[in-house]
Amino acid sequence: MNKNKPSRKYSFQAIIDMLNGIGRSGFWHNIPSQVSVPVRVPEDFFGINIATAEATEFDDYIVDRIKDLNIKCVRIDFSYDALDSYPARLLERAIAEGYDILLNVFPPLQDARVLDVDEAAQQRWRNFIETVFAAYHDKVALFEIGNTPNRKKWSGFNLERYLPAWSIAHNVAGNYNIRLAGPNISDFEPPFNLAFLQAMARTGKTPEVHTDNLFVERVIEPEAYDHRVLGRWLMHLLSFNLIKKARVIDAIGKDFGCQQTYSTYKTWTIYRLERWTADPEQKQADYMVRYLVLAATSGGLDRAYWGPLIDNRDGIIDDAAKGYPEIDNVTHYKCVRGNFESLRIRPAFLAYKHAISRLKGAECIQGTSADNGVSHFVFAGKKKDLHICWCRDSYAVPLSALYPEMPGNAVFYSVLGEKLGYVPACISEQPLFIEFPSSESKVHSATQRVVQVPDLKKTNVRLPTIKDWQFVPYENEDWRGAIAFDTSVGFNDALAALLPEALEQAKVDKVLRDSRNLVWSIDTATHGMVTIKLNRVSTKRKIVYRFRDSKGKRHWNNASIMLRKGVNSPTPLAFFERHQQSGIQESYYVCAYLENTFSARDVFANINAGEKSFRGVDHDELLKIIAEFMCHMHNHGILHRDLSSGNMLLTQADDGKVTPYLIDIGRARTGIRLTPRQRMIDLMRMHYKLTWPDREKLMAYFD
């Protein structure tokens with residue numbers, strides 16, 4: 001065989017194996033996508049990927065954090081350079097601590113690329129495996145062979161290159177009483193599981209434990225159906241959500257004699273979450289718990305390793321390291337790259353600790369992940385039952401929709417394990433934990449009401465997330481909309497202050513506009529000073545609003561989406577639209593009143609007047625703030641479409657810091673990929689009152 005000629009990525013036989021496996025499976029349409037109860041979560045279900053650094057103080061820190069999590073299952077990546085270095089030191093420490101260790105062993109990238117054609121590379125692999133097995137066969141619970149072999153760019157493997165690694169390891173393993181796992185397929189790509197296991201089976205050497213990194217990050221939300229299989233229009237046809245994915249991977253493994261199925265690596269990358277939310281670390285925690293509840297109750301996984309423990313990009317502990325590792329962590333979590341002094345526990349660590357304490361060994365007796373966007377699970381205990389519930393992103397349902405008669409002895413906990421000192425008014429995208437005495441069996445019927453909730457996407461009321469605030473959809477016989485209030489204010493008090501009847505009767509503080517729309521401000525007992533916008537609807541518009549959202553609703557939804565993406569707009573407090581068969585009669589939008597503001601128009605007028613600064617801030621600095629805010633807005637898919645200089649307000653803190661806000665956002669479009677022309681339309685409308693030299697200054701900051 002020519003040693004210099006690389007093998008093909010996929011052989012003809014591999015493609016045949018994939019197609020045959022899929023054909024036999026019938027696309028796994030008989031595997032359900034809902035929880036089949038009862039299902040018990042294994043005591044050893046939860047694990048963590050760990051790596052250390054040259055400094056020994058990291059070892060003690062890692063052990064202490066594992067104790068905090070109260071788990072024993074750890075996974076360590078181990079390649080040739082680990083034998084005489086700090087990964088071996090960490091492995092010895094893990095052995096001394098009595099951990100259940102999954103040791104992932106693999107050749108370096110350059111050897112993996114030629115393992116099917118280079119005898120010297122094969123010998124180096126054999127020598128490494130013999131050394132590792134001889135040293136640790138009686139100390140390590142499970143050896144995993146290879147890493148992400150369906151990602152050639154990361155690991156160097158493909159099927160032809162992986163099989164020699166597997167065969168050599170399997171032959172050496174015959175000298176010891178050890179268990180092998182593999183092939184460590186990355187993401188949900190079952191054709192690769194089929195092809196690799198079929199090829200391994202032809203040699204009579206299949207793993208005891210089938211491993212897969214069961215990512216769902218590219219479908220974003222843990223409970224979402226995977227649109228990459230048949231497209232968004234047909235994704236409900238096969239219903240590949242996380243529950244079904246886990247069962248499919250398990251079913252493939254069982255077909256080839258694998259006794260168990262492990263998901264060996266899963267995380268949400270902070271930089272990816274930053275595209276979708278202004279608070280990526282909280283979102284990482286929310287998604288983690290939603291993922292774990294679904295994975296643990298799927299019945300398809302025997303264990304799930306979160307990972308990595310420490311990393312700026314992916315970890316649940318931040319090490320403040322810049323950039324990315326040379327090889328992606330999912331392929332080789334080699335070391336902690338940051339300094340010890342920089343380590344910082346993220347919310348996801350607290351969420352993992354809480355989830356483990358609640359779910360380990362628990363029995364799920366009811367569970368629903370409904371298409372309407374609501375998920376609800378019940379876990380039975382000897383003295384207390386636990387309910388965990390949440391909604392899809394940016395939606396919520398009133399708690400009363402699931403619990404019309406909430407027992408007074410119910411106890412509520414946040415996703416981070418914090419005991420709440422109030423009764424939440426709604427179930428949101430952040431998982432809510434509710435404890436009930438087991439005698440309160442009637443609350444279990446809440447699961448039956450989950451499927452009766454109207455489809456949240458069809459209601460099209462988007463909600464932001466702000467710490468210590470609640471956002472609740474609302475509807476009565478006259479009005480429908482939503483209200484917001486902080487946790488120190490009760491729902492009924494907030495509603496009484498913000499219903500249109502109360503707004504109209506309150507003393508007017510200031511009229512800001514009175515034309516086609518009326519804008520005024522009032523002082524409220526629950527929300528302080530607020531701004532109200534009344535959209536007066538003409539007869540023609542009444543008909544139009546039967547087919548599109550009212551202005552009040554558009555303002556609310558746009559503000560909610562903007563805040564989620566870190567684009568400032570006054571906090572939305574309520575919107576209401578009067579609904580009748582003839583269409584929307586009028587709509588109200590209520591938001592927080594911004595004190596002591598000035599507009600971009602004021603700044604531009606000051607510049608044109610020849611002044612050097614405005615409110616003590618240099619003009620160039622103000623132009624930079626305005627331009628960078630617009631650029632941030634556009635980069636996050638928001639097009640204002642009416643961005644006059646008067647529609648950007650700015651506030652100034654006591655320390656002089658200036659913060660911009662968007663107002664009059666009813667016409668804005670969100671969630672789009674802006675063209676250069678669209679960006680320019682917003683920019684031209686903003687800067688047309690500036691002289692050409694000042695326009696050029698503004699444009700210079702627009703990057």
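## A quick tour of this model

Let's start with Asp-250, which counts as buried at 12% relative accessibility (buried is under 20% relative accessible area, exposed over 50% and partly exposed in between, using a 1.4 Å probe and protein chains only). What you're looking at is a predicted model, where local features need pLDDT of at least 70, side-chain atom pairs count only at pLDDT 80 or more, and totals for chains, interfaces and linings use all residues. Residues are numbered from 1 along each chain as its sequence is written, and side-chain values use heavy atoms, with hydrogens and water left out. Helices (H or I, at least four residues) and strands (E, at least two) are DSSP runs, numbered from the N terminus.

**The barrel**

- In this model, 8 strands close into a barrel, with parallel pairing, and their order is β2-β3-β4-β5-β6-β7-β8-β9.
- Two strands count as paired if DSSP finds at least two bridges between them.
- On average, neighbouring strands of this sheet are turned by 25 degrees against each other, direction ignored.
- How many bridges join strand β8 and strand β9? There are 2 bridges between β8 (residues 260-263) and β9 (residues 303-306), and the two strands pair in the parallel sense.
- For a spot to look at here, find Tyr-262, which stands opposite Arg-303 in β9.

**Two helices that cross**

- Two packed helices are described by the angle between their axes and the distance between the axes.
- For helix α2 (residues 57-69) and helix α3 (residues 86-96), the axes come within 11 Å and cross at roughly 40 degrees.
- Those axes are lines fitted to C-alpha atoms, for helices over the stretch in contact, and angles run from 0 to 180 degrees between N-to-C directions.
- That makes α2 and α3 oblique to each other (angles under 35 degrees are roughly parallel, over 145 roughly antiparallel, 65 to 115 roughly perpendicular, and the rest oblique).
- On the α2 side the contact is made by Asp-59, Asp-60, Ile-62 and Val-63, and on the α3 side by Arg-89, Leu-90 and Arg-93 (contact means heavy atoms within 4.5 Å).

**Salt bridges**

- Side chains of opposite charge can pair when their charged atoms come close.
- The structure holds 41 salt bridges, each one a side-chain nitrogen of Lys or Arg within 4 Å of a carboxyl oxygen of Asp or Glu.
- Back to Asp-250: its salt-bridge partner is Lys-254, with the closest N and O atoms 2.6 Å apart.
- Both Asp-250 and Lys-254 sit in helix α10 (residues 242-255), 4 residues apart, or about one turn of the helix.
- While Asp-250 is buried at 12%, Lys-254 is partly exposed at 40% relative accessibility.
- Asp-664 and Lys-533 also meet in a salt bridge, at 3.0 Å from N to O.
- Asp-664 lies in the loop between β30 (658-662) and α23 (676-687), and Lys-533 in strand β23 (residues 528-536), so this pair ties together parts that are 131 residues apart in sequence.
- Is Lys-533 buried or exposed? Lys-533 counts as buried, at 12% relative accessibility, whereas Asp-664 is partly exposed at 22%.
- Another salt bridge joins the side chains of Lys-697 and Asp-620, at 3.8 Å from N to O.
- This pair links distant parts of the chain, 77 residues apart, with Lys-697 in helix α24 (residues 692-701) and Asp-620 in helix α22 (residues 619-635).
- Lys-697 is partly exposed at 38%, and Asp-620 is partly exposed at 28%.
- There's also a network of salt bridges linking Glu-221, Glu-223, Lys-283, Arg-290, Arg-392, Asp-393, Glu-429 and Arg-564.

- Val-37 and Pro-38 are joined by a cis peptide bond, with omega at about 0 degrees, and Pro-38 sits in the loop between α1 (12-25) and β1 (39-40).
- Asp-187 isn't a glycine, yet it has a positive phi of about 75 degrees.
- You'll find Asp-187 in the loop between β6 and α8 (190-202), and at 8% relative accessibility Asp-187 counts as buried.
- Ala-320, again not a glycine, has a positive phi of about 65 degrees.
- Ala-320 lies in the loop between β10 (317-318) and β11 (344-345) and is partly exposed, with a relative accessible area of 35%.
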